[in-house]
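Please look over the model shown here before reading on.

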Amino acid sequence: MTMRVLFAAPDALWPAWAPALMRLAPEMQLVRADDAVDPARIDAIIFAPGGTLDDLSPFVNARLMQSLWAGVERIVTNPTLTQPLARMVDPGLARGMAEYCTGWALRAHLGMDRYAQDGEWRNGLTPPLACDRQVTILGMGELGRSVAAMLGGIGFPVSGFSASGRPVPGVRVFGPDDLDRALAAAEILIALLPDTPQTRGLLDADRLARLPQGAWLINPGRGTVLDDEAVLAALDSGHLGHAVLDVFRAEPLPRDHPFWSHPRVTVTPHIAAETRVETAAPVAVENLRRAMSGQPVLYLVDRDKGY
């Protein structure tokens, strides 16, 4: 059975995604938003932010809106969205996020920044073993669990904060009423929370003060979780040892933003976790086929929660 799927994503994504999707699903007729196609004949929509499609109301027969991003904050609040919305859970993306967080956590743990090549012999600074360094992850969804598994696998004791409080094997999970305790344990704090009204500005001056002296902050989740001025103040006071920031309220990060020049901030350009066509296309195709055949769709978004 042919399925007509609208590719509502930036044009730059078409050359990589279109061949991969149609190779995996020969029954798919993939069209772009600018093609002259009757919206009522579209069976499903593949979405990524940055395209030209805003009004979803004409797509009355679309059975699924499949996001190519793990985060859906750019589409879930669209008032014309009536179709079921699925977020992308890409094993390659999860692996990439775990490797990013593990790499920077090891940099923090091993104190790599101390060893400048300036001729000074800095002996006597042996770090503790990983088993003696507590890592706390805010957000224990697919990405948080992947990061926890990798960090736990090399010996870090890992705790997590989850709004649901759902148990995670090998991780001490703090529930919604225990955020302060989760922060107090975090020698390395990794923020992987979604962008929701409840998480915006969550890491403000008061909550950053709950962290142990000299804690590192790694934020590859959402820039809106941070109070930027509070982060800078905590760094200036020395309470926060370093901040590794991959996501920001405005992207690209403006050239005059103080994060660029702060000696205790590392800026990376939103690279922690990219959706990879080779691992994500099979996920999208499976969900499209599920929607077409009336089977339960994977990774449906809870509209009330926003993720």
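The numbered points below go from the whole chain to its aromatic pairs.

1. This is a predicted model, and its chain is built from seven helices and twelve strands. The radius of gyration is 21 Å, close to the 19 Å that the globule rule gives for 307 residues, so the chain is as compact as a globular protein of that length.

2. Along its principal axes the C-alpha trace spans about 70 × 40 × 35 Å, and 49% of the 307 residues count as buried. Of the contacts between residues at least 6 apart in sequence, 61% join residues that are at least 24 apart.

3. The accessible surface comes to about 14800 Å², and carbon and sulfur atoms account for 53% of it. The chain carries 28 positive and 35 negative side chains, with the centres of the two sets lying 5 Å apart.

4. A search of the whole structure finds three aromatic pairs. One of them joins Y100 and W104, whose ring centres are 6.2 Å apart and whose planes meet at 55°, so the pair is tilted. Y100 and W104 are four residues apart in helix α2 (residues 91-110), and are therefore separated by about one helical turn. Y100 is buried, with a relative accessible area of 9%.

5. Another of these pairs is F248 with F259, where the ring centres lie 6.3 Å apart and the planes are at 50°, so this pair is tilted. Both F248 and F259 lie in the loop between β11 (240-245) and β12 (265-267), so the pair ties together parts that are eleven residues apart in sequence. F248 is buried, with a relative accessible area of 11%, and F259 is buried too, at 1%.

Key. Residues are numbered from 1 along each chain as its sequence is written. This is a predicted model: local features need pLDDT of at least 70, side-chain atom pairs count only at pLDDT 80 or more; totals for chains, interfaces and linings use all residues. Side-chain values use heavy atoms; hydrogens and water are left out. Helices (H or I, at least four residues) and strands (E, at least two) are DSSP runs, numbered from the N terminus. The radius of gyration is taken over C-alpha atoms; the globule rule is 2.2 Å times the number of residues to the power 0.38. Buried means under 20% relative accessible area, exposed over 50%, partly exposed in between (1.4 Å probe, protein chains only). Contact means heavy atoms within 4.5 Å. Accessible areas come from the Shrake-Rupley method with a 1.4 Å probe; for residues, only the protein chains shown count as cover. Lys and Arg count as positive and Asp and Glu as negative; His and the chain ends are not counted. The place of a charge is taken as NZ of Lys, CZ of Arg, CG of Asp or CD of Glu. Rings of Phe, Tyr and Trp (its six-membered ring) pair if their centres lie within 6.5 Å; planes under 30 degrees apart count as stacked, over 60 as edge-to-face and the rest as tilted.
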